[in-house]
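Student: Could you walk me through this one? I'm new to it and would like to start with the charged side chains.

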Amino acid sequence: MKAISTLLNLPWNIVGIVAALFSFPKIVRFDLKRFAIVFTVKDIWWMKKSVRAATICQVVILTDKTIKNDLEHELIHVEQALRTPFIHPILYQLELINKGYKNNKYEVEAYARSKSQYIHKNNI
């Protein structure tokens with residue numbers, strides 16, 4: 001099932017890889033168990049606001065600002081993308097528009113399961 005989901009996610013994964021490459025990766029690794037590509041970069045400079053990490057389908061981008069459990073949080077987003085292949089980024093954006101970041105059901109799940117911390121950018 002993961003292989004079919006990965007195939008369906010291919011267009012978004014390509015977008016994620018390109019985004020990661022534009023962030024000048026320092027380290028790239030493959031998490032075969034989770035079906036993810038994990039890039040470590042200095043900064044995700046192209047995002048609107050400062051973030052510690054981001055996930056685009058099965059591509060995880062971590063910055064130097066990551067804190068405990070951020071990787072696990074992002075890998076839960078990969079699981080979510082595998083559960084709803086191809087349409088997950090659209091579902092995530094709709095949830096974000098309707099409920100905001102903190103009440104987005106995908107973020108609520110990821111924070112709860114990973115025990116990662118939400119830190120407002122003013123607190124970083």
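**Salt bridges and the sheet**

Tutor: A salt bridge here is a side-chain nitrogen of Lys or Arg within 4 Å of a carboxyl oxygen of Asp or Glu. This is a predicted model, where local features need pLDDT of at least 70, side-chain atom pairs count only at pLDDT 80 or more, and totals for chains, interfaces and linings use all residues. Residues are numbered from 1 along each chain as its sequence is written, and side-chain values use heavy atoms, with hydrogens and water left out.

Student: How many residues apart in sequence are the parts that K26 and D64 tie together?

Tutor: K26 lies in strand 1 (residues 25-31), while D64 is in the loop between strand 4 (59-62) and helix 2 (70-83). Helices (H or I, at least four residues) and strands (E, at least two) are DSSP runs, numbered from the N terminus. So the pair ties together parts whose separation in sequence is 38 residues.

Student: Is D64 exposed or partly exposed?

Tutor: Buried means under 20% relative accessible area, exposed over 50%, and partly exposed in between (1.4 Å probe, protein chains only). D64 has 46% relative accessibility, so D64 counts as partly exposed.

Student: Which residue forms a salt bridge with E79?

Tutor: The closest N and O atoms of this pair are 3.7 Å apart. E79 sits in helix 2 and its partner in the loop between strand 1 and strand 2 (36-41), 45 residues apart. That partner is R34.

Student: And which side chain meets D43 in a salt bridge?

Tutor: D43 lies in the loop between strand 2 and strand 3 (53-56), and the partner is in the loop between strand 4 and helix 2, so parts 22 residues apart in sequence are tied together. The N to O distance is 3.0 Å, and the partner is K65.

Student: How many salt bridges does a search of the whole structure find?

Tutor: Salt bridges that share partners join R34, E72, E79, R83, E109 and R113 into one network. For the whole structure, the search total is nine.

Student: Now the sheet: which are the edge strands?

Tutor: Four strands form an open sheet in the order 1-2-4-3, with mixed pairing. Two strands pair if DSSP finds at least two bridges between them. Strand 2 and strand 4, for instance, pair in the parallel sense over four bridges. The edge strands each pair on one side only: they are strand 1 and strand 3.
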